[in-house]
Amino acid sequence: MRAFVVTDYAHPSKIPITQNAPEPKAGPGQVLVDVYSAGLNYFDILQSQGKYQHQPPRPFVLGSELAGRISADSPIPDGCPFRPGDRVFGAAQGAFAEKVAANWQALVSLPDNMTYDQGAGLFVTWPTSYEALVGRAQLKPGEWVLVTASAGGVGIAAVQLAKALGAKVIAAAGSPEKLEVSRQAGADHGVDYTKEGWQKEVLKITGGKGVDVIYDPVGLIRDSLKCIAWKGRAIVVGFAAGEIEKLALNLVLLKNISIVGIHWGAYTKIEPERVPVVWNELLDLFSSGRAKPIVYRETFPLERTADGLVAIEQRKTWGKVIVHVRLASPTAKL
């Protein structure tokens, strides 16, 4: 099968697609999935270079988010609700390939009103954003939310979810195009965080109060604290800018605020009972149309996976960047 195989650690741009990789075999509790679309993430770039916190033994197939169908030749483990041909989305190491072995509990039925492209970007970004806002920041209707990197994969999900939950959203991004994408996703206001003193604009928008919640996947907590409200909550989502921030804790004390983290990937191990709750609430939002995944305007064939990852690395994209692994039938939803 065709697959993005990492044999030696290198930047994705240095790794060609393998045309004859061995097909995976399902282990205990696993099913085989024919991958139609796969979602690209910044951490894929790190993993291909051996720099990510989770490194499979080499050689391995890159990629973790996918949407597809249960393979016709897949075994069906005891308790598994899926059958061959069922449309699913989820997570599995090796998503950048025509077929992947996935733990059936890491898969979710793809809603009928969603395409494979939309489904391929759901599993990591959306529950991360939902649990960050609801479970960690305890967002309330009417509160102000600042979302940095608001047009990125997790950011655009946070914008939509905050609006669906009744918040007032200020999007922060680095270009007019990304701010426009954020507004189309539901943001009430937009600020360019590459401009000096952008925090003053946030304070002006909020009538001097500041924002109640900061959602930051970039590494801008320190700068954003200049416009946080009394009793505000700042959520540490990630460090896409590359620097792990250091904070002066006297600011936390003086502003009477909370700094909280979100590590959604650990929930299946530490708080598994929360996972289905989050997914049920998300699927209700999707089915009602109150939230809808946004896919970047250019999708990439599997052979150009590296181009998509470089575009993410250079911060040229918005929404979720998708790789088409195989074409669906004319009657199927891409």
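Me: Where is valine 145?
Reply: Valine 145 sits in strand 8. Keep in mind that this is a predicted model.

Me: Is valine 145 buried or exposed?
Reply: Valine 145 counts as buried, because its relative accessibility is 0% and the cut-off for buried is under 20%.

Me: What does valine 145 touch, leaving out residues up to four places away in sequence?
Reply: Its contacts are Leu133, Leu139, Ala162, Ala167, Lys168, Val169, Ile170, Val211 and Val213.

Me: Now the backbone. Which peptide bond is cis?
Reply: The bond from arginine 58 to proline 59 is cis, with omega near -5°. Proline 59 belongs to the loop between helix 1 (42-48) and strand 3.

Me: What is phi at glutamine 138?
Reply: Phi of glutamine 138 is near 50°, a positive value in a residue other than glycine. Glutamine 138 lies in the loop between helix 3 (125-136) and strand 8 (144-148).

Me: And is glutamine 138 buried or exposed?
Reply: Glutamine 138 is exposed, at 53% relative accessible area, since the cut-off for exposed is over 50%.

Me: What about phi at lysine 231?
Reply: Lysine 231 has a positive phi too, about 65°, and is not a glycine. Lysine 231 is in strand 12, residues 228-236. With a relative accessible area of 54%, lysine 231 is exposed.

Me: What is the C-alpha separation between serine 64 and glycine 135?
Reply: It is 24 Å, for two residues 71 apart along the chain.

Me: Where does leucine 46 sit?
Reply: Leucine 46 is in helix 1. Leucine 46 is partly exposed, with a relative accessible area of 23%. Beyond residues up to four places away in sequence, leucine 46 touches Lys51, Tyr52 and Gln55.

Me: How far in space is leucine 46 from alanine 10?
Reply: Their C-alpha atoms are 9.2 Å apart, and the two residues are 36 apart in sequence.

Me: Changing topic: how many disulfides does the structure hold?
Reply: The structure holds 0 disulfides. As for cysteines, cysteine 80 counts as buried at 5% relative accessibility, and cysteine 227 counts as buried at 0%.

Me: Now the whole chain. How many helices and strands does the protein have?
Reply: The protein has 11 helices and 15 strands.

Me: What is the radius of gyration, and what would a compact globule have?
Reply: The protein has 20 Å, which agrees with the value near 20 Å for a compact globule of 334 residues. The C-alpha atoms fill a box of roughly 60 × 40 × 40 Å along the principal axes.

Me: What share of the residues is buried?
Reply: Buried residues make up 55% of the 334. The accessible surface comes to about 14900 Å², and 53% of that belongs to carbon and sulfur atoms.

Me: Of the contacts between residues at least 6 apart in sequence, what share joins residues at least 24 apart?
Reply: That share is 68%.

Me: Last one, charges. How many positive and negative side chains are there?
Reply: There are 36 positive and 32 negative side chains, and the centres of the two sets lie 5 Å apart.

Terms used:
Residues numbered from 1 in each chain as written. Predicted model: local features only at pLDDT ≥ 70, side-chain atom pairs only at ≥ 80, totals over all residues. Heavy atoms only, no water. Helix = DSSP H or I, 4+ residues; strand = E, 2+ residues; numbered from the N terminus. Rg over C-alpha atoms; globule rule 2.2 N^0.38 Å. Buried < 20%, exposed > 50% of the residue type's maximum accessible area, 1.4 Å probe, protein only. Contact = heavy atoms within 4.5 Å. Areas by Shrake-Rupley, 256 points an atom, 1.4 Å probe, with all protein chains shown as cover. Lys, Arg positive; Asp, Glu negative; His and termini not counted. Charge placed at Lys NZ, Arg CZ, Asp CG, Glu CD. Disulfide = S-S within 2.5 Å.
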